[in-house]
Amino acid sequence: MSFSVRADRRLIRATAPSRRFVRVEITAPEAPRRADRIPVNLAFVIDRSGSMAGDKIRKAREAAIQGIRALRAEDRFAVVAYDDHVDVVVPSSLATPEARAEA
């Protein structure tokens, strides 16, 4: 792991208060890729209340669709939507190609 720290200025006023900013970068070592990942069990929960109208709900749906497409057949997923009440759109299911296409 490596750390990098940078201040916004080289000098600090000694006789008066001042505000300084520091940027800290932390770089973790790369994790080895595993072909045999453990199956996941995900629930996609989508807020469909009035505050999510327009572009927000469209992007939330697109994100859920992309997430479902990325699942493998041994994974599980569910889709829940809520506003003033909760609907289980897709109950917990194996992510078979058929289940993903239907969702």
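**A81 and its surroundings**

Residues up to four places away in sequence left aside, A81 touches I46, R48, V86, D87 and V89; contact here means heavy atoms within 4.5 Å. The model is predicted, so local features need pLDDT of at least 70 and side-chain atom pairs count only at pLDDT 80 or more, while totals for chains, interfaces and linings use all residues. Residues are numbered from 1 along each chain as its sequence is written, and side-chain values use heavy atoms, with hydrogens and water left out.

A81 has its place in strand β4. With a relative accessible area of 10%, A81 is buried. The word buried stands for under 20% relative accessible area, exposed for over 50%, and partly exposed for what lies in between (1.4 Å probe, protein chains only). From C-alpha to C-alpha, A81 and D47 are 6.0 Å apart in space, although 34 residues separate them in sequence.

T27 lies in strand β2, which covers residues 22-27. Its relative accessibility is 42%, so T27 counts as partly exposed. Apart from neighbours within four places in sequence, T27 is in contact with M1 and S2. T27 and V86 are 59 residues apart in sequence and 40 Å apart in space, C-alpha to C-alpha.

Now to the chain as a whole. The chain has two helices and five strands, and along the sequence they follow the pattern β-β-β-α-β-β-α. The radius of gyration of the chain is 23 Å, well over the 13 Å that the globule rule gives for 103 residues, so the chain is more spread out than a compact globule. This radius is taken over C-alpha atoms, and the rule is 2.2 Å times the number of residues to the power 0.38. The C-alpha trace spans about 70 × 40 × 20 Å along its principal axes. Helices (H or I, at least four residues) and strands (E, at least two) are DSSP runs, numbered from the N terminus.

Of the 103 residues, 17% count as buried. Among the contacts with a separation of 6 or more, 42% come from residues 24 or more positions apart.

Which residues make up the largest nonpolar core? There are eleven: F44, I46, M52, I57, A64, I68, L71, F77, V79, V90 and A95. The elements that give two or more residues to this core are β3 (41-47), α1 (55-69) and β4 (76-82). With three residues, α1 gives the most to this core. A nonpolar core is a set of buried Ala, Val, Leu, Ile, Met, Phe, Trp, Tyr and Cys residues joined through side-chain atoms within 4.5 Å. In soluble globular proteins, nonpolar side chains tend to be buried together.
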